[in-house]
Amino acid sequence: MTDVQSTPDSPALENLLHETRTFPPTPAFAAQANVQAEAYERADADRLGFWADNARALLDWQTPFETVLDDSAAPRYGWFTDGRLNAAYNAVDRHVAAGNGDRVAILWEGEDGEQRRITYGELAADVARAANAISALGVGTGDRVAIYLPMIPEAVVALLACARIGAPHSVVFGGFSAEALHSRILDAEAKLVITADGGYRRGGASPLKPAVDDALAKGGTAVEHVLVVRRTGGDVAWTPQRDVWWHDVVPQASAEHEPVWVDAEHPLFILYTSGTTGKPKGIFHTTGGYLTQAAYTHHAVFDLKPETDVYWCTADIGWITGHSYVVYGPLVNGATQVIYEGTPDTPHKGRWWEIVQKYGVTILYTAPTAIRTCMKWGEDIPAGFDLSSLRLLGSVGEPINPEAWMWYRRVIGGDRAPIVDTWWQTETGAIMISPLPGVTATKPGSAQTPLPGVVAEVLDDAGHAVGNGQGGYLALTEPWPSMLRGIWGDEKRFAETYWSRFPGVYFAGDGAKKDEDGDIWLLGRVDDVMNVSGHRLSTTEIESALVSHPWVAEAAVVGAADETTGQAVVAFVILRGGDEAADRPDDDAEVVATLRGHVGQAIGPIAKPRSILVVSELPKTRSGKIMRRLLRDVAENRSVGDVTTLADSGVMSLIQQGLAKPA
Ligand code: WT7
């Protein structure tokens with residue numbers, strides 16, 4: 001661990017921790033809540049028994065398990081290892097078998113206004129057809145399938161079809177570039193790619209298939225087929241034999257399909273996320289433990305009543321939140337849920353609230369960045385819609401500042417709906433720290449308490465648990481069912497990244513503080529990982545994208561505080577002289593625009609720096625390490641902190657003078 005992004009002791013965060021407002025659940029909410037305070041006692045008394053009970057109660061097992069936790073190869077823990085099950089069967093078929101085939105699973109709304117309503121019975125048939133179709137394309141149990149789709153029902157069907165045949169899926173967010181897609185397809189050695197011609201975003205059709213074509217043209221992949229959903233009807237380039245239309249093979253396939261029963265530890269999916277180096281990590285999750293905790297947390301934290309609730313998680317399927325709280329958690333629990341394809345401001349800034357009103361959404365799960373954006377647009381907009389159906393609100397992805405929390409509660413939740421601020425990660429697979437809505441008196445800005453069955457501590461540098469009122473590093477000190485099982489193809493990095501900072505304990509990479517009541521406050525990453533709009537970006541990955549451009553000699557990237565997105569990417573670059581500079585415009589603004597576009601191509605539009613500053617030097621320590629802390633001071637318009645460890649203490653004034661000069 002290196003240069004600290006935000007230290008647990010930073011004074012700016014101090015005021016957060018003096019939050020004294022609390023909001024206990026109303027007696028009416030508490031009385032009807034799915035999970036009561038006894039759950040903590042039950043789990044404390046017998047943690048493994050608690051998870052085993054939930055695994056049995058929430059899932060159908062083809063072969064029941066007897067072993068709960070296998071720690072013989074720690075940190076590669078195994079859960080429910082001698083049990084066998086199928087994730088797609090648990091998500092759909094068993095609801096049909098239980099007589100709930102007519103219940104609506106998905107209320108889908110396209111950005112263009114198209115609507116589809118899909119029952120569990122219909123979803124079961126669609127998943128079985130898609131499973132038959134992808135088997136016919138040569139995908140077998142254990143083969144990997146890359147999925148690059150917009151938020152359309154076929155995305156849910158595609159994930160579940162893979163799960164049904166035991167082919168781990170690797171979903172790549174549609175906002176990632178061809179290059180990013182290529183490296184993920186290569187790393188997972190995917191055999192099939194499932195994509196669409198495009199999707200609707202910001203009022204227009206946005207193509208996806210060209211990125212798949214470009215990715216595969218880069219070569220080296222094991223891809224045999226590309227299965228293409230027609231969504232926008234836009235023109236697509238076609239590679240005969242390789243490319244297959246979804247509508248040519250899926251609807252025709254049989255709706256009879258025997259699920260492949262897999263071991264609980266069979267890999268369910270790989271999901272790439274940024275780490276502290278340039279190469280994204282393929283986090284992989286297995287079947288039994290992941291489903292158990294996704295379902296339990298969805299039941300406990302969102303208090304889902306499958307017969308009456310209308311649940312809506314706004315996350316894209318390309319992120320872990322979409323995996324656990326759009327696909328697996330809600331479907332395993334038999335929820336009726338809204339899925340919306342597009343952006344919140346298309347065609348107008350009230351689109352989300354219109355959807356809440358139209359479908360009578362009762363549970364809404366979204367990210368602080370979305371809440372802050374709505375705050376900026378003004379409360380008149382949500383006030384124009386009837387939001388009285390909402391009974392529970394959730395937040396995820398980054399710390400939620402108390403001001404946004406209070407706004408969310410008052411304006412969206414009508415001062416009535418409890419807010420659950422849920423802390424977790426791609427690696428944890430499911431929610432780990434969160435209030436329980438019928439039990440916890442919530443506090444604006446704090447995720448508060450590890451869930452029943454989860455053990456979290458705040459540790460000091462030496463690995464000792466800190467007392468109340470103190471800060472340190474968040475660690476998970478006992479294994480949990482939905483924990484990552486590794487980094488795909490890189491066991492060493494798995495051990496080093498998560499299990500070596502505090503031996504035997506999972507290091508989350510977040511700073512945290514315990515307040516006087518012992519509640520946990522998350523304070524942001526302590527490594528070179530940024531969090532922009534709840535999405536994880538690596539400083540190193542963006543730096544390598546920048547230096548891969550011929551004009552750039554050196555680059556340093558920092559996450560600077562941003563009112564809306566939490567953090568924003570700010571880059572400092574030193575340009576090359578000599579031949580490489582020959583075709584470079586003199587105007588810095590043009591250089592900056594080109595470099596932003598270059599990062600967009602290398603990684604994806606989400607990684608484009610908010611600003612790029614051209615400088616002549618970068619602040620380095622005597623050992624040559626860039627001092628990002630000082631660059632953050634510049635990016636956040638603060639006076640520059642302690643420069644005594646710089647090799648050349650004049651560098652910072654040089655940078656500041658350079659930036660002060662009129663453009
Ligand atoms: C990182 C994980 C979990 C799904 C979305 C992000 C930050 C996440 C919270 C929260 C404070 C949070 C952490 C974490 N984070 N939720 N409620 N309060 N910080 O998943 O991309 O794997 O990122 O997001 O820094 O380490 P991810």
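Residues are numbered from 1 along each chain as its sequence is written. Because the model is predicted, local features need pLDDT of at least 70 and side-chain atom pairs count only at pLDDT 80 or more, while totals for chains, interfaces and linings use all residues.

**View 1. The protein chain as a whole.**
The secondary structure of the protein chain comes to 21 helices and 30 strands; these are DSSP runs, numbered from the N terminus (helices: H or I, at least four residues; strands: E, at least two). Its C-alpha trace spans about 75 × 65 × 55 Å along the principal axes. A compact globule of 663 residues would have a radius of gyration near 26 Å, and the 24 Å of the protein chain agrees with this. The radius is taken over C-alpha atoms, and the globule rule is 2.2 Å times the number of residues to the power 0.38. Buried residues make up 54% of the 663 residues. A residue is buried if 20 or more other C-beta atoms lie within 10 Å of its own, exposed if 12 or fewer, and partly exposed in between, with C-beta atoms placed from the backbone.

**View 2. The shell around the ligand.**
Of the 22 residues around the ligand, P399, Q425, T426, L522 and R536 come nearest. A residue is near a molecule or strand if its C-beta atom, placed from the backbone, lies within 6 Å of it. At least two shell residues each are supplied by α12 (320-332), β20 (419-422), β24 (506-514) and β25 (520-525). The most come from β24, which gives three. By type, the shell has eight nonpolar, nine polar and five charged residues. Here Ala, Val, Leu, Ile, Met, Phe, Trp, Tyr, Cys and Pro count as nonpolar, Asp, Glu, Lys and Arg as charged, and the others, Gly among them, as polar.

Helix α7 covers residues 153-165, and at 1.5 Å a residue its 13 residues should span 18 Å; the end C-alpha atoms are 19 Å apart, which agrees. The expected span is 1.5 Å times one less than the number of residues. All 13 of its 13 residues are buried. Just after α7, G166 takes a positive phi of about 70 degrees.

**View 3. Strand β14 and its partners.**
In strand β14 (residues 267-273), seven of seven residues are buried. Strand β7 (residues 169-171) pairs with β14 in the parallel sense over two bridges, and H169 stands opposite F269 in β14. Strands pair if DSSP finds at least two bridges between them. With strand β15 (residues 281-286), β14 pairs in the antiparallel sense over six bridges; P267 stands opposite T286 in β15.
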